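The following exercises are to be worked through with the sequence and the structure at hand. Each task is followed by a solution in steps.

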Amino acid sequence: MAVTLGELAGKLGGQLRNGDPACRINSVATLQHAGEGDISFLANKGYRKYLLDTRASAVILAPAEADACPTAAIVMDNPYVGYARAAALLAPSRPRRQGIDPQASIDPDSRVDPAAWIGPHCSVAAGAVIHAGAELAAGCHVGAGSVIGADSRLGANVVICHEITIGERVTIAPGAVIGSDGFGLAMDHGKWINVPQLGSVRIGNDVDIGANTTIDRGALEDTILEEGVRLDNQIQVAHNVFIGAHTAIAGCVGISGSARIGRHCLIGGGAGIVGHLEITDNVVVTGMTMVTRSITEPGVYSSGVPAQDNDSWNRNYARFRQLDKLARKVQRLERLLAANRGEEHGG
Amino acid sequence: MAVTLGELAGKLGGQLRNGDPACRINSVATLQHAGEGDISFLANKGYRKYLLDTRASAVILAPAEADACPTAAIVMDNPYVGYARAAALLAPSRPRRQGIDPQASIDPDSRVDPAAWIGPHCSVAAGAVIHAGAELAAGCHVGAGSVIGADSRLGANVVICHEITIGERVTIAPGAVIGSDGFGLAMDHGKWINVPQLGSVRIGNDVDIGANTTIDRGALEDTILEEGVRLDNQIQVAHNVFIGAHTAIAGCVGISGSARIGRHCLIGGGAGIVGHLEITDNVVVTGMTMVTRSITEPGVYSSGVPAQDNDSWNRNYARFRQLDKLARKVQRLERLLAANRGEEHGG
Amino acid sequence: MAVTLGELAGKLGGQLRNGDPACRINSVATLQHAGEGDISFLANKGYRKYLLDTRASAVILAPAEADACPTAAIVMDNPYVGYARAAALLAPSRPRRQGIDPQASIDPDSRVDPAAWIGPHCSVAAGAVIHAGAELAAGCHVGAGSVIGADSRLGANVVICHEITIGERVTIAPGAVIGSDGFGLAMDHGKWINVPQLGSVRIGNDVDIGANTTIDRGALEDTILEEGVRLDNQIQVAHNVFIGAHTAIAGCVGISGSARIGRHCLIGGGAGIVGHLEITDNVVVTGMTMVTRSITEPGVYSSGVPAQDNDSWNRNYARFRQLDKLARKVQRLERLLAANRGEEHGG
């Protein structure tokens with residue numbers, strides 16, 4: 001669906017500059033590849049080099065970049081939000097499906113709203129409730145007593161175990177598993193015995209969960225994701241974790257049991273959060289960082305180690321292995337030097 | 001199902017203190033949230049602060065904590081084991097299922113015990129054997145010639161490839177893949193050729209495998225997990241790995257090909273084990289550690305880097321990049337100072 | 001299927017030494033476990049200790065090892081390639097399947113070649129095309145408009161989302177997800193809004209993708225894997241990533257959005273690649289390394305931290321936390337010492 005540039009500027013709440021409001025915009029494209037009828041955007045300085053030569057009909061950008069724009073511009077403070085909204089407006093609308101595929105298995109004691117869609121090879125167990133507008137792609141399994149909220153969408157092969165609550169407008173990407181047993185073990189005379197995992201998982205409204213991500217059920221109480229949380233792919237959320245509203249977590253992060261993460265946090269890819277600690281609101285954890293203690297102050301925290309060429313790395317790491325000795329050596333030197341100076345000045 | 005406090009103490013092998021043996025216990029709860037009829041436990045010092053105000057009918061705890069307990073107590077050396085056993089006793093028993101769902105695909109040349117359960121949308125290929133008491137939740141696929149031992153339970157969407165052996169009382173959480181081809185490659189004139197993966201996977205009795213965990217089949221010989229091993233979610237076990245009995249491995253660990261891990265080891269979350277090395281029994285590897293050489297002595301090993309505030313981290317890491325130079329500088333200072341002192345004392 | 005040693009040497013392009021060309025070879029085995037009729041190989045020095053006692057009928061090895069071989073040898077420069085080829089020759093050939101399982105769901109508007117195989121509980125959506133020789137194991141789902149190239153094989157429970165292109169002779173291991181939405185978020189007044197993911201994924205010919213690996217579709221343009229790429233298990237490839245031909249990536253690697261990785265690269269297990277950077281051809285990244293900047297020179301790059309015993313680690317890491325201070329201390333010492341020497345020599 002196309003819109004005019006004027007309409008688009010209005011819908012985005014941006015200011016149109018140097019452009020014909022009647023110009024038709026059909027789609028969104030990158031600065032490098034946009035052509036006539038495309039709108040592009042500049043939200044990352046690294047791509048500024050492509051602005052001058054863009055053939056986009058218009059570009060969404062920040063006020064500071066407007067003068068450099070060779071074509072029409074929609075100027076707004078957050079051009080990335082503008083891009084997101086423009087792309088949503090221009091994207092072909094997804095057809096909604098309703099009904100139950102004949103190759104789905106629906107337990108007679110479940111309740112599937114007539115305005116929900118259950119794809120082929122899905123199963124819905126006894127006591128489960130699928131609300132209106134929810135869509136289960138092929139191969140999804142919803143366990144006994146679980147609830148899928150209105151307008152939530154499960155990608156193919158998603159597993160929702162028993163007695164789990166999924167809010168409204170939640171999207172869960174293919175292969176994700178919600179509500180598997182937490183990793184609760186007790187060592188008893190040389191053998192592990194399992195701690196029964198009796199809690200559940202509660203996923204708030206407007207949460208997104210990535211492909212092949214796993215979220216374990218709580219041991220006694222529940223694992224909780226508040227509204228608006230964003231989880232990328234391949235994330236592991238252990239039992240009894242709490243993730244506050246609007247926190248976004250990048251791929252491959254592991255969060256250990258009973259960790260409590262605040263609201264509006266950003267956790268970088270590959271980070272690890274140790275269990276039984278608390279991270280306050282508005283904390284940024286950069287990629288591949290390991291959080292081992294509670295974080296009580298908002299701010300940015302890091303321990304991800306950037307690559308060096310292998311020779312330098314090996315040389316430096318060999319010294320790290322002796323860093324305590326090196327520090328003691330420096331202390332000795334300090335004492336010696338102080339003694340020398342004492343001798344000199346006193347002598 | 002409820003028990004009396006006296007019965008419970010007896011079954012746990014603990015000593016009842018300050019309690020009415022006839023008091024009825026219905027369920028297990030945390031110190032903070034327990035109420036009348038609940039039993040709670042104290043197994044982690046971090047939660048001691050909740051003991052004084054607990055409203056649990058009784059608390060399972062260690063002898064050293066007993067005096068501080070404001071309510072009835074079951075005193076035992078390992079209260080976490082007590083909690084695990086109490087929770088198992090009080091948990092509602094899971095109904096067992098038997099038979100074959102009409103929407104399962106069972107090859108006529110497979111053998112499914114009448115006392116096994118095959119859920120909807122499962123497939124069991126030719127030559128596969130499913131023993132009595134085994135349960136396959138929806139969407140599981142068991143490849144040709146594979147064996148699922150008695151009383152083993154597969155969560156939804158588990159994939160067991162061909163010719164794999166799963167022991168008895170094994171649990172495999174949803175989305176796990178056992179027996180995919182190992183990552184065996186040979187570079188031949190600029191192109192990769194694949195090394196056929198002709199081995200299998202053998203999973204011992206009483207093993208637990210987490211959600212979306214992957215275990216590759218061996219190249220020539222087998223990938224082996226001995227009895228009682230515990231694997232958490234999102235773990236990658238490469239071809240020809242051996243994991244000794246009763247070793248527990250936390251989430252997101254990656255184990256490279258032909259690594260051999262001993263018995264009763266604990267591997268922390270996000271750790272990485274390099275291939276073709278050996279870790280002896282009773283080794284603890286802490287979270288996000290990388291094991292690059294064989295470990296021949298029991299003990300605790302680490303290289304996971306704890307987070308700092310980003311400014312400190314950047315300052316320190318900038319120095320790390322020059323650590324070899326710094327160490328040389330210190331050596332030079334030592335020599336200079338020694339020479340100075342020589343001059344002084346000799347001069 | 002058996003071959004003679006002479007035939008085998010010919011097919012591998014190796015030189016037969018000390019062997020009877022008519023000796024029958026039935027299978028491949030390790031040096032330790034080979035017996036009569038087995039051929040073994042020596043490709044990793046760590047296994048040289050097993051050569052002397054091997055009971056293999058013949059061993060594939062490099063010229064430098066030939067003199068030490070107690071049995072017949074096939075001598076060639078790359079014995080690992082020889083092993084791979086021998087194993088492929090001797091492996092039982094996999095029967096090919098054709099047709100559509102009655103328990104598969106095929107949209108009438110899709111096109112499945114009669115020489116393709118669609119297993120039970122698979123679904124193929126409208127507009128999808130499955131070419132000749134392609135095989136979908138049980139539980140695979142191919143979304144609307146996606147194409148599976150000739151002779152490509154999908155393991156059980158693979159998900160191919162909509163409008164994805166998979167080349168020819170591609171293998172995708174169980175549980176992998178190709179084409180889920182990228183993690184594109186914009187923060188708008190305290191709430192995340194999703195950036196529509198309008199691009200696709202294009203997988204070149206002869207690519208292998210591991211179990212439970214995830215590859216996201218592009219935001220505006222496509223995520224691309226060129227021909228011959230090898231991905232191990234549990235890898236996360238974010239939106240708009242480009243991976244050049246014949247690059248191999250080990251398990252548990254995470255690659256952030258818009259990263260561009262060259263050809264013939266090797267990325268070690270557990271590594272992390274930050275987004276919006278470029279890695280040139282022929283780069284080796286060792287295990288658990290974090291690449292934070294573009295790499296413009298071929299070579300080996302590292303930041304994975306090898307384990308130490310926990311006491312040493314804690315001591316050294318405590319010093320690392322103060323490394324900037326230590327470096328300043330050393331600078332002060334240098335100045336002091338220079339001043340001292342100035343005093344001495346000048347005084």
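Strands are DSSP runs of at least two residues, numbered from the N terminus, and two strands pair if DSSP finds at least two bridges between them. The model used here is predicted.

**Exercise 1.** Determine which residue of strand 40 of chain C stands opposite Ser302(B).

*Solution.* Begin with the strands: strand 39 of chain B, residues 299-302, pairs with strand 40 of chain C. The sense of this pairing is antiparallel, and it extends over two bridges. Within strand 40 of chain C, the residue opposite Ser302(B) is Gln308(C).

**Exercise 2.** Describe the side of chain C that touches chain B.

*Solution.* First, count the residues: chain C and chain B bring 61 residues each to the contact. Next, identify the elements of chain C that give two or more residues: helix 2 (79-90), strand 40 (308-309), helix 3 (310-320) and helix 4 (323-346). Of these, helix 4 of chain C supplies the largest share, nine residues.

**Exercise 3.** State how chain B is related to chain A.

*Solution.* Superposing chain B on chain A takes a rotation of 120° with 0.0 Å of shift along its axis, and the RMSD is 0.0 Å. The two copies are therefore related as by a three-fold rotation axis. Then locate the residue of chain B that comes closest to the rotation axis: this is His121(B), whose C-alpha lies at 3.4 Å.

Technical notes: Residues are numbered from 1 along each chain as its sequence is written. Chains are lettered from A and ligands numbered from 1 in the order in which they are written. This is a predicted model: local features need pLDDT of at least 70, side-chain atom pairs count only at pLDDT 80 or more; totals for chains, interfaces and linings use all residues. Copies are superposed by least squares on the C-alpha atoms of residues with pLDDT of at least 70 in both. Two residues are in contact if their C-beta atoms, placed from the backbone, lie within 7 Å. Helices (H or I, at least four residues) and strands (E, at least two) are DSSP runs, numbered from the N terminus.
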